[in-house]
Amino acid sequence: MRQPSEATEAVQVRPPLSNPVIRVGIIGFGAIGHVHRTALESAGDARVVAVSRSSATTGLSDGLDWYHDYREMLQRADIDVVAVCSPNGQHIEHARAALMAGKHVVVEKPLGLDIDQATQLVALARGRELMLASIIQRRFEPQNLQIKELIVSGALGRPVLGEALIRWYRSQDYYDAASWRGTLKGDGGVLLSQGLHTIDLLCWFLGPAKESYGLTATLTHDMEAEDTAVAVIRFASGALGVLSGTTATYPGVPEVLSMFFDRGQCTMSGSDIVAWTFPDIPVPEAAPHLAGSGAGDPTAIGIEGHRAQWADILSSLRRGTESLVTGEDALDSLKVILQSRRSSGTVRAAPC
């Protein structure tokens, strides 16, 4: 990911879009699809023109063209960008189809559930001179951008240890509400569905990651994938990392990210910096309206991060330059999670 100071030096990597309004189609129009549409409504030079959803759409036209079959929507010549907001396990299939149809693509996290397929997707976009961006909106929070710049500059010292703790809660009803939730091929488990943003920040700040190992378990939910996972990471810098993620801890508390350097410590609870011990370095300031934590409510994340990232994506499309978060940027945290899973089979809790 480029730093904000590098934006003016960005090199053109694809033909810029010059049409007055960038037209967006959305594949998958559930809760997260609506978040994307709302975020795009604040952009004066973009408009959602069509959506695809396999379930019934009667009475939901809402000024949009609706399609049951996403492939039919992709045939439209007037769609510039496709936002993939379908279930996790369909992200690769839908993104690949959109790229093959000549569309720029923005994929809601995670980029995919298979690292080889995700890597091939990145290569496909490069080969066709199309944008492939992954929604990793927490990188756009002001305090996180400032922390990243301080780490890169060396001001915080040598990284020693990172800890990412995601102690969230989801009810059984949450998983039962959609057939793909809680499955390995549709959902991907707690680290991919609920923990990815915090894990991505850990890898972005201290990475790249060199190796990772984990343990997983399904402890309180009736589902195929794990609801609890832990992992250890070795970063290329030599720093070590530990992470844990769960949706089995009622009622759920905000995620905690701690980083320890040889000059001090930084700890964040959600978006709030709760510990900062670096002498003579001011505490980075957060924006006043940052998203809340999804600790106990998946709808509590807000849309400010999506707005910020879509603004960058649209600007990059206008200039034909890289967006601040590319498909490549999504691969490091994805690799950590999938390598951790491969090192341990999921264990189910014995009945009491």
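Trp66 comes out as buried, since its relative accessible area is 18% and buried means under 20%, with exposed set at over 50% and partly exposed in between (1.4 Å probe, protein chains only). Its partner is Phe29, and the two rings sit edge-to-face, 5.4 Å centre to centre with 80° between the planes. Rings of Phe, Tyr and Trp (its six-membered ring) are paired here if their centres lie within 6.5 Å; planes under 30 degrees apart count as stacked, over 60 as edge-to-face and the rest as tilted. Phe29 also counts as buried, because its relative accessibility is 2%. Phe29 belongs to the loop between strand 1 (22-27) and helix 1 (31-41), while Trp66 belongs to strand 3 (residues 65-67), so the pair ties together parts that are 37 residues apart in sequence. Helices (H or I, at least four residues) and strands (E, at least two) are DSSP runs, numbered from the N terminus.

Trp204 and Phe205 make a stacked pair, again with rings 5.4 Å centre to centre, and with 25° between the planes. Both Trp204 and Phe205 are buried. Elsewhere, Phe261, Trp276 and Phe278 are joined by ring pairs into a cluster. The total is six aromatic pairs.

All of this comes from a predicted model, in which local features need pLDDT of at least 70 and side-chain atom pairs count only at pLDDT 80 or more, whereas totals for chains, interfaces and linings use all residues. Residues are numbered from 1 along each chain as its sequence is written, and side-chain values use heavy atoms, with hydrogens and water left out.

Zooming out, the chain holds ten helices and 14 strands. For 352 residues, a compact globule would have a radius of gyration near 20 Å, and the chain agrees with its 20 Å; the radius is taken over C-alpha atoms, and the globule rule is 2.2 Å times the number of residues to the power 0.38. The C-alpha trace spans about 55 × 55 × 35 Å along its principal axes. Of the 352 residues, 54% are buried. The accessible surface, from the Shrake-Rupley method with a 1.4 Å probe, is about 15,100 Å², and carbon and sulfur atoms hold 54% of that surface.

As for charge, the mean positions of the 31 positive and 39 negative charges are 4 Å apart. Lys and Arg count as positive and Asp and Glu as negative, leaving out His and the chain ends.

Asp312, in helix 9, is buried at 11% relative accessibility. Beyond its neighbours within four places in sequence, Asp312 touches Phe140, Ser323, Leu324 and Val325. Gln339 sits in helix 10 (residues 331-342) and is partly exposed, at 26% relative accessibility. With neighbours within four places in sequence set aside, Gln339 is in contact with Glu211 and Ser212. Thr299, in the loop between strand 13 (272-276) and helix 9 (304-319), is exposed at 62% relative accessibility. Thr299 and Ile32 are 267 residues apart in sequence, yet 8.9 Å apart in space, C-alpha to C-alpha.

Terms used: Charge placed at Lys NZ, Arg CZ, Asp CG, Glu CD. Contact = heavy atoms within 4.5 Å.
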